Amino acid sequence: MLSVIPNPPRITLPIVGSEDQFPVRRLYCVGRNYEAHAREMGADPEREPPFFFMKPADAVQVAAGPEPTDHPYPPRTGKYHFEVEMVAAIGKGGRDIPVESALDHVYGYAIGLDMTRRDLQDEAKRMARPWDLGKAADASAPMGPLHRAEIVGHPDQGLIGLSVDGAPRQSGNLSEMIWSVAEQVSLLSTYFELQPGDLIFTGTPAGVGAVERGQTMRASVEGLGEIALRVV
């Protein structure tokens, strides 16, 4: 049986030290998972349980070269914000996964950005509407190559940050997460049956802000290197 339209391309991530690729299935993102960021967004981290939103898989933009990758500024926004995050890639699926064994399901980790049309997200919040227009723009999930957990372990501390044109804008430590990677995997698996290929954006530290065309973002996570993107 033939497809009636051309088959969409399969979204994959390069794997460090391998010629193999990691196929992407779904993108889950946790909100306000660093205390300082929760406060800068007007929330009280002491009282809020974790919550999640999603991006389409084809929002992934691979940024793996030595030179900055051109990143498109999306339409219908004047307030395009960066949010640097560590991304956990699921290699073994499951439902109702215990916290104690949750990291056994993680294949590896990468640097990612949750790029956000903040003006559209803020409007959606005011009107109690979904965040899709703010969070799910084309190329709104740029990512670096995947590092296998069997090599880098499961990072739970280390610097995470982002600069714009060389000026530091975000800085934090993975140890500052309110909900650990294991807890995120476990909780998500009570809502969805996680599958190999799922990605979890694990939250961003404080300092999120706007970026303009012509500026270059450099995002880093200790142990996972750095990615660079030029906004065009």
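**Entry 1: strand 4**

I started with strand 4, residues 52-55, whose side chains alternate. I am working from a predicted model here.

Next I looked up the partner. Strand 3 (residues 27-30) runs antiparallel to strand 4, and 4 bridges join them.

I then turned to an open sheet of 3 strands, which has the order 10-7-16 and antiparallel pairing. Its edges are strand 10 (116-117) and strand 16 (209-210), each pairing on one side only. I checked strand 7 (residues 80-82) against strand 16 and noted 2 bridges in the antiparallel sense. There, His81 stands opposite Ala210.

**Entry 2: the cores**

Which residues touch the most other members of the largest nonpolar core? I got Val185 and Met217, in a core of 37 residues. I listed the elements that each supply at least two residues to this core: strands 7, 8 (84-90), 9 (106-113), 13 (159-164), 17 (216-221) and 18 (225-231), along with helix 5 (181-191).

Setting aside neighbours within four places in sequence, I have Val185 in contact with Ile90, Ile97, Ala102, Val106, Leu194 and Ile200.

Last, I noted another core lying apart from the largest one. This other core has 21 residues, among them Ile15, Ala57, Ala59 and Trp131.

Definitions and conventions. Residues numbered from 1 in each chain as written. Predicted model: local features only at pLDDT ≥ 70, side-chain atom pairs only at ≥ 80, totals over all residues. Heavy atoms only, no water. Buried < 20%, exposed > 50% of the residue type's maximum accessible area, 1.4 Å probe, protein only. Helix = DSSP H or I, 4+ residues; strand = E, 2+ residues; numbered from the N terminus. Pairing = 2+ DSSP bridges. Core = buried A, V, L, I, M, F, W, Y, C linked by side-chain atoms within 4.5 Å. Contact = heavy atoms within 4.5 Å.
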